[in-house]
Amino acid sequence: MSLLSKFKIKCLQSRKLLIMGIMVILMMAVTAVTLAMAANWEVTLYDGAKTFSVKTTKTTVGDVLEEANIVLEPQDVVVPEKSTPISEAKKIEIKRAFEITVSDIDGEKVYKTAYDTVEDALMQCDIILDENDEVYPPLDSKILAGDLISVSRVEISEITEQQEIEYEVIEEKTDKIIKGIKRLVTGGENGLANVTYKLITKNGVLAEKQEVSREILREPVNRVIAVGTSEIANAPVAKLASRSGSTFDKSQARVITCTATAYDGSYETLGYSNARTCLGKIPTVGTVAVDPKVIPLGTRMYIESVDGSYVYGECFAGDTGGAIKGNRVDLFMASRSQALSFGRRQVKVYILD
């Protein structure tokens, strides 16, 4: 290598060292300027009703508060956050926590919060709301120290109940019956439906029950009563129609006044299933339990109430019973509801045989 080349290399190395030295000096100068500026930073603090300014060299909001000997409670809120660089904080606001009362499903409890809206306060107090829950005052309402916030826990569910549909009582006027007399044409029977309800409970207490849907399982059968309109002078001769279609004159039939009750073949009435008469047969509508000493078994009869308001119609003495003694009859009905509705009545028993 020539002497000229070696000289050039030494010159280049010296120039690099000079440039690096200048850069170090500049960096030190910038740091010194920054520290000098930091020492002159002035920050405004808002602490409740107090407002004051501080000069600081601290680098974060939290350090400034510590330097100013400002004590914070766990629920107090600092804006901006304590980790924020002081270079980005033109002002520091301290929101001091205050007490509120929250009424929830478990009762009332006192909390501390630094937020002034219902929603933010509940969030700070770790009170979680479901979508159906109700809050008063509303979530966007402003609150003050000592205020009460009521939370109602709302649950929505559905149930389906089986319900009876009550039959209607219909009266039909007829001139075939003497005025003032009523006779039963059709015995009423309740219908049946599945009814679905929406249940709304608040804090475990039923607040509202709304019908959602109704499925008819059995239509009701209306009770039809014939109401006489004929004047006595013009009334036709009273003849009773039998189930076979034949008629007979009341005045020609032997009649017995009895106390009548009713029964049916249900387990609830009898206490057992597969009801049988004393003759070993399954009872049907028209089967009447009698005292054989008064009305012999097999006797054909026609039964109506003494006041004419109820007609059982043609029937026969087909059963007996331990409680059926003397002038008493027990009428078989198609259902338990009909038997219960009949109750106990005085009837006229027309002997057809």
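Modeller: Gladly! Keep in mind that this is a predicted model. Let's begin with burial: a residue counts as buried when its relative accessible area is under 20%.

Colleague: What is the relative accessible area of Asp47, and is Asp47 buried or exposed?

Modeller: The value for Asp47 is 12%, so Asp47 is buried. You will find this residue in strand S1, which covers residues 41-47.

Colleague: Which residues is Asp47 in contact with, leaving aside neighbours within four places in sequence?

Modeller: Those are Ile70, Ile94 and Arg96. With Arg96 there is also a side-chain polar contact of 2.8 Å. Lys95 lies 48 residues from Asp47 in sequence, yet their C-alpha atoms are 6.9 Å apart.

Colleague: Now the rings, please. How many aromatic pairs are there?

Modeller: Two. In general, such a pair is described by the distance of the ring centres and the angle of the planes. Planes over 60 degrees apart count as edge-to-face. For Tyr263 and Phe332 the planes are at 80° and the centres 5.2 Å apart, so this pair is edge-to-face. Tyr263 belongs to strand S17 and Phe332 to strand S21, 69 residues apart, and both residues are buried.

Colleague: And the other pair?

Modeller: Tyr310 and Phe342 are edge-to-face too, with 5.0 Å between centres and 65° between planes. Tyr310 is in the loop between strands S19 and S20 and Phe342 is in helix H5, so the pair ties together parts 32 residues apart in sequence. Both Tyr310 and Phe342 are buried.

Colleague: Where does the charged end of Lys209 sit?

Modeller: Over the ring of Tyr197, 4.4 Å from its centre. Likewise, the charged end of Lys91 sits over the ring of Tyr46, at 5.6 Å from the centre.

How values were computed:
Residues numbered from 1 in each chain as written. Predicted model: local features only at pLDDT ≥ 70, side-chain atom pairs only at ≥ 80, totals over all residues. Heavy atoms only, no water. Helix = DSSP H or I, 4+ residues; strand = E, 2+ residues; numbered from the N terminus. Buried < 20%, exposed > 50% of the residue type's maximum accessible area, 1.4 Å probe, protein only. Contact = heavy atoms within 4.5 Å. Polar contact = N/O pair within 3.5 Å; in protein donor to acceptor, adjacent residues only side chain to side chain. Phe/Tyr/Trp six-rings, centres within 6.5 Å; stacked < 30°, edge-to-face > 60°. Lys NZ or Arg CZ within 6 Å of the ring centre and 35° of its normal.
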